[in-house]
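Welcome, and thanks for taking a look at this structure. Here is a short briefing to read alongside the view below.

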Amino acid sequence: FAAIAATQPALLAQHFEAGARPDKSIEYWLKAGQQGLSHNAYREAASHFRRGLAQVEKLPESPERIAAELGLQVALGPALIAAQGYGSEEVGIACERARQLCDIVGVTPQKFPALFVLWSFHCVRANHVISDKMSAEVLGMAQAVQNNDLLLEAHLTVGISKFFLGESRAALDNFNQCI
């Protein structure tokens with residue numbers, strides 16, 4: 001069934017769900033959601049990720065359950081942003097949960113994108129004090145790994161946050177770091 005698995009992961013996810021195999025259904029709901037994202041079918045992708053999250057509830061408490069939920073929550077954020085906008089309450093809930101899971105797991109590559117989207121949520125909703133604190137956390141993470149791409153994004157978040165707080169000098173300094 002390799003062709004079906006590649007082209008119709010939602011079908012396999014449904015079958016594994018019906019067969020009481022939450023571990024396998026989660027795997028295929030994630031693939032189906034990612035496929036939806038790649039085809040710009042954002043509402044469909046979000047629906048697939050939500051179905052996967054419903055299956056996570058059926059798994060016993062374990063590191064694997066946390067990892068599965070984290071992968072789905074991090075993937076759900078961008079689908080929701082595209083379908084509903086950065087300021088959607090559901091975006092904030094999904095990204096806050098992803099952040100909580102990252103804190104449980106510890107250092108994980110998913111933490112930066114989760115924090116970046118959560119920063120965007122707060123920035124768009126004009127929660128500038130919160131977004132400023134988050135931008136400092138994003139910058140700290142980028143500095144810790146010394147990744148130029150992440151540093152660019154982090155300085156941008158700090159610059160925008162400082163700009164909205166009226167801290168022009170700090171905003172300019174961070175925008176210059178981006179350049």
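The axes of helix 3 (residues 22–38) and helix 5 (residues 63–84) come within 11 Å and cross at roughly 20 degrees; axes here are lines fitted to C-alpha atoms, for helices over the stretch in contact, with angles running from 0 to 180 degrees between N-to-C directions. Helix 3 and helix 5 are therefore roughly parallel to each other, given that angles under 35 degrees count as roughly parallel, over 145 as roughly antiparallel, 65 to 115 as roughly perpendicular and the rest as oblique. This is a predicted model, where local features need pLDDT of at least 70 and side-chain atom pairs count only at pLDDT 80 or more, while totals for chains, interfaces and linings use all residues. Residues are numbered from 1 along each chain as its sequence is written, and side-chain values use heavy atoms, with hydrogens and water left out.

**Helix 3 with helix 5**

- Helix 3 passes helix 5 in a left-handed crossing, a term for a near helix turned anticlockwise from the far one by less than a right angle (clockwise would be right-handed).
- On the helix 3 side, Ile26, Leu30 and Leu37 meet Ala68, Gly71, Leu72, Ala75 and Ala79 of helix 5; contact means heavy atoms within 4.5 Å.
- Sorted by class, this contact of helix 3 with helix 5 has seven nonpolar, one polar and no charged residues. Ala, Val, Leu, Ile, Met, Phe, Trp, Tyr, Cys and Pro count as nonpolar, Asp, Glu, Lys and Arg as charged, and the others, Gly among them, as polar.

**Helix 4 with helix 5**

- Helix 4 (residues 42–56) and helix 5 have axes that come within 8 Å and cross at roughly 155 degrees.
- Helix 4 and helix 5 are therefore roughly antiparallel to each other.
- The crossing of helix 4 past helix 5 is left-handed.
- Residues making the contact include Phe49, Leu53 and Val56 of helix 4 and Leu72, Gln73 and Leu76 of helix 5.
- The residues of the contact of helix 4 with helix 5 divide into 14 nonpolar, three polar and four charged.

**Two residues of helix 5**

- Glu64 is found in helix 5 and is exposed, with a relative accessible area of 56%. Buried means under 20% relative accessible area, exposed over 50%, and partly exposed in between (1.4 Å probe, protein chains only).
- Glu64 and Asp23 are 41 residues apart along the chain, and their C-alpha atoms are separated by 9.2 Å.
- Gln73 also belongs to helix 5, but Gln73 is buried, with a relative accessible area of 9%.
- Leaving aside its neighbours within four places in sequence, Gln73 is in contact with Leu53, Ala94, Arg97, Ala98 and Leu101.

**Helix 7 with helix 9**

- The axes of helix 7 (residues 111–124) and helix 9 (residues 148–164) come within 12 Å and cross at roughly 20 degrees.
- That angle makes helix 7 roughly parallel to helix 9.
- Helix 7 goes past helix 9 in a left-handed crossing.
- Phe112, Phe116, Trp119 and Cys123 in helix 7 meet residues of helix 9, among them Leu150, Ile160 and Phe164.
- This contact of helix 7 with helix 9 has eight nonpolar, two polar and one charged residues.
- Val124 has its place in helix 7 and is exposed, at a relative accessible area of 51%.
- Setting aside neighbours within four places in sequence, Val124 is in contact with Tyr86 and Gly87.
- Val124 and Gly85 are 39 residues apart in sequence and 9.4 Å apart in space, C-alpha to C-alpha.

**Cysteines**

- The count of disulfides comes to zero, where a disulfide is a pair of cysteine sulfur atoms within 2.5 Å.
- The sulfur of Cys95 is 10 Å from the closest cysteine sulfur, in Cys102, so the two are too far for a bond.
- Cys95 counts as buried at 3% relative accessibility, and Cys102 counts as buried at 0%.

**The chain overall**

- The chain has 10 helices and zero strands; helices (H or I, at least four residues) and strands (E, at least two) are DSSP runs, numbered from the N terminus.
- Its C-alpha atoms fill a box of roughly 60 × 30 × 25 Å, taken along the principal axes.
- Buried residues make up 43% of the 179 residues in the chain.
- Of the contacts in the chain with a separation of 6 or more, 49% come from residues 24 or more positions apart.
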